[in-house]
Amino acid sequence: MDEAFEDGDDVAADGLSAGGTLAVTIGEDAPSRLDKALAAAVPEAASLSRSRLMRMIADGDVFRNDVAVTDPKAKVAAGEVYVLTLAPAAPVETLAEDIPLTVLFEDDDLIVIDKPAGMVVHPAPGSPSGTLVNALLHHCGDTLSGIGGERRPGIVHRIDKDTTGLLVVAKSDRAHHGLARQFEDHSVTRRYVAVVYGVPQASDPRLRGLRGVTFEAGGILRIATGLARHKTDRQRQAVVWESGRHAVTRARVIEGFSGEAALVECWLETGRTHQIRVHLSYAGHGLVGDQTYGGTRRLSEKVFGAGAGRANTFPRQALHAASLGFDHPVTGERVEFTSPLPEDMAELIAGLRGQPVPAEP
């Protein structure tokens, strides 16, 4: 989030992100050590995280009586005034690239993107360029604030390279922290659509006997497990029970295809790496086209004709982030966004319905 000089000073919030000072008075009931006391005392509009405050203390950017205080454990007293100095936002090494983006919404604080298949969200050793972040650096330019002290977009959630659909990205510190809090408290709504092998049904005794799997009213499948990195393949995630991160996925069948495949809607209570893909694979209903978790199942040409060929050669996991809802972190307004099915998934579903599948060019 951006920094503010005083409570309610919305204009100053933008100014400090480019360099400035913030005077903070320690309150009567503040914690006794400096980093915790500052975290409690800074105005909410400033939204300086404790980790960032600790970096500022270590860097000599926190002063009392014009003397830098560099010990985060230093004792404080009520009524003491500390002055925080922020340097101008530093440029990041990631290069801006002129990559087309589908923008559904944009203001001074955030941007909502409809991501295509094949685009990585964040640069990594194997994908240093061509990512969403590279594209956003070019698209947003000087409108980006100093998130975490760097002029960069704030990534608060991700979707896989070959998953399509909606992402919200922060352009300011205040939006970054506000959105992050909503993802942490699960108030963000995220709906996905996927094409899976088989048809998940409450009447299936195998599913009902599977650990972590239950059915809720309306035939909604609920999968609750731990997720952690696979023991032998560090690029994959695996279901675990004694460790890992708690993960909950819900799904319901929208449409079945001859008992062999289904269009399902999924929504996340938590947001873990590959969560939908791992959970549905664990349940025996891996995603069509998922080379990592989908298994070796193939659809019958006798049942689906040309549609089977389209499914059996589908080049990515058939997963689309179709809707996204959250409270705007600055205005407080509830906003909802939707994304239509991408062309390849629409054609896949048409083929499974027995509708004509366009010939390959």
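Tutor: Helix α5 supplies the largest share of the lining of the largest pocket, 4 residues. Helices here are DSSP runs of H or I with at least four residues, strands are runs of E with at least two, and both are numbered from the N terminus. The model is predicted: local features need pLDDT of at least 70, side-chain atom pairs count only at pLDDT 80 or more, and totals for chains, interfaces and linings use all residues. Residues are numbered from 1 along each chain as its sequence is written, and side-chain values use heavy atoms, with hydrogens and water left out.

At least two lining residues come from each of α5 (173–184), β12 (189–197) and α7 (275–282). The volume of the largest pocket is about 1,300 Å³. Its lining has 38 residues, of which R158, D160, R272, T273 and H274 are the closest to its centre. A pocket is an open set of points on a 1 Å grid over the protein atoms alone, where a 1.4 Å probe fits, with protein on both sides within 12 Å along at least five of seven lines; lining residues have an atom within 4 Å of a point. Grid points are joined across faces, edges and corners, and the volume is the space filled by probe spheres set on the points.

D160 is also the residue that UniProt lists for "active site", in an unreviewed entry. Such positions are given in the numbering used here, feature names are shortened, and annotations may be inferred rather than shown by experiment. D160 sits in the loop between β10 (154–155) and β11 (164–170). Leaving out residues up to four places away in sequence, D160 touches K115, H274, R277 and Q317, where contact means heavy atoms within 4.5 Å.

T164 belongs to strand β11. T164 is buried, with a relative accessible area of 4%; buried means under 20%, exposed over 50%, and partly exposed in between (1.4 Å probe, protein chains only). Among the residues that T164 touches beyond four places in sequence are K115, P116, I159, R316 and L319.

E265 lies in strand β17 (residues 261–268). E265 is buried as well, at a relative accessible area of 14%. Its side chain makes a polar contact of 2.7 Å with the side chain of R252. A polar contact is a pair of N or O atoms within 3.5 Å; within protein, one must be able to donate a hydrogen and the other to accept it, and residues adjacent in sequence count only if both atoms are side-chain atoms. The residues that E265 touches, again beyond four places in sequence, include R191, Y192 and R250.

Strands β17 and β12 also take part in the packing of helix α10 (residues 343–352). In α10, 7 of the 10 residues are buried, including M345, L348 and L352. These buried residues pack against β12, β16 (245–257), β17, α8 (301–304), α9 (306–312) and β18 (319–327). G354, with a positive phi near 85°, follows α10.

For the chain as a whole, there are 10 helices and 19 strands. Of the 361 residues, 47% are buried. Among contacts with a separation of 6 or more, 64% join residues 24 or more positions apart.
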